[in-house]
Amino acid sequence: MPALRRDSGAGTGCGFREYINLLRTEEAKKLLANTSFSITEISLKTGYSTPYYFSLLFHRMNGMSPPAYRRGYK
């Protein structure tokens, strides 16, 4: 696992946890734009423990809530 942690964020300028959240958020963006899954379903499918935590991190990383992001694609 240490090698995975050391290499996972290479070239991104972020740490391991940030890199994982970046990957999860990118997958969530795809799901928000291309499916009708609820925010709760998307949060669980992308590995977040609660929809609240997912929404908090999504907003922090993208400057908008998941529903606002989705509205931008309708």
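The largest nonpolar core has 10 residues in all, namely Ala 28, Leu 31, Leu 32, Ile 39, Ile 42, Tyr 48, Phe 54, Leu 57, Phe 58 and Tyr 69. Helix H2 (16–34), H3 and helix H4 (51–62) are the elements that give two or more residues to this core. A nonpolar core here is a set of buried Ala, Val, Leu, Ile, Met, Phe, Trp, Tyr and Cys residues joined through side-chain atoms within 4.5 Å, and buried means under 20% relative accessible area, with exposed being over 50% and partly exposed in between (1.4 Å probe, protein chains only). In soluble globular proteins, nonpolar side chains tend to be buried together.

This is a predicted model, in which local features need pLDDT of at least 70 and side-chain atom pairs count only at pLDDT 80 or more, while totals for chains, interfaces and linings use all residues. Residues are numbered from 1 along each chain as its sequence is written, and side-chain values use heavy atoms, with hydrogens and water left out.

**The chain as a whole**

- The protein chain contains five helices and zero strands, where helices (H or I, at least four residues) and strands (E, at least two) are DSSP runs numbered from the N terminus.
- Along the sequence, the protein chain therefore reads as the pattern α-α-α-α-α.
- Of the 74 residues in the protein chain, 27% are buried.
- Contact means heavy atoms within 4.5 Å, and among contacts in the protein chain between residues at least 6 apart in sequence, 42% join residues at least 24 apart.

**How H2 and H4 pack**

- H2 and H4 pack at an angle of about 95 degrees with their axes 10 Å apart, the axes being lines fitted to C-alpha atoms, for helices over the stretch in contact, and the angles running from 0 to 180 degrees between N-to-C directions.
- The two helices H2 and H4 are therefore roughly perpendicular to each other, given that angles of 65 to 115 degrees count as roughly perpendicular, under 35 as roughly parallel, over 145 as roughly antiparallel and the rest as oblique.
- On the H2 side, the contact is made by Glu 18, Asn 21, Leu 22, Thr 25, Ala 28, Lys 29 and Leu 32, and on the H4 side by Phe 54, Leu 57, Phe 58, Met 61 and Asn 62.
- The residues of this contact of H2 with H4 divide into seven nonpolar, three polar and two charged, where Ala, Val, Leu, Ile, Met, Phe, Trp, Tyr, Cys and Pro count as nonpolar, Asp, Glu, Lys and Arg as charged, and the others, Gly among them, as polar.
- Thr 25, which is placed in helix H2, counts as buried at 2% relative accessibility.
- Leaving aside neighbours within four places in sequence, Thr 25 is in contact with Tyr 48, Phe 58, Met 61 and Asn 62.

- Ser 43 has its place in helix H3 (residues 39–45) and is buried, with a relative accessible area of 0%.
- Not counting residues up to four places away in sequence, Ser 43 touches Tyr 48, Thr 50, Pro 51 and Phe 54.
- Pro 66, in helix H5 (residues 66–71), is likewise buried, with a relative accessible area of 0%.
- Apart from neighbours within four places in sequence, Pro 66 is in contact with Leu 32, Ile 39, Phe 54, Ser 55 and Phe 58.
- Pro 66 and Ile 42 are 24 residues apart in sequence, and their C-alpha atoms are 9.7 Å apart in space.

**Residues with some exposure**

- Lys 45, found in helix H3, counts as exposed at 52% relative accessibility.
- When residues up to four places away in sequence are not counted, Lys 45 touches Leu 31 and Phe 37.
- His 59 lies in helix H4 and counts as partly exposed at 42% relative accessibility.
- With neighbours within four places in sequence left aside, His 59 is in contact with Met 64 and Ser 65.

**The salt bridge**

- A search of the whole structure finds one salt bridge, a term for a side-chain nitrogen of Lys or Arg within 4 Å of a carboxyl oxygen of Asp or Glu.
- Lys 29 forms a salt bridge with Glu 26, and the closest N and O atoms are 3.3 Å apart.
- Both Lys 29 and Glu 26 lie in helix H2, three residues apart, which is about one turn of the helix.
- Lys 29 is buried, with a relative accessible area of 17%, whereas Glu 26 counts as partly exposed at 36% relative accessibility.
- Side chains of opposite charge can pair when their charged atoms come close.
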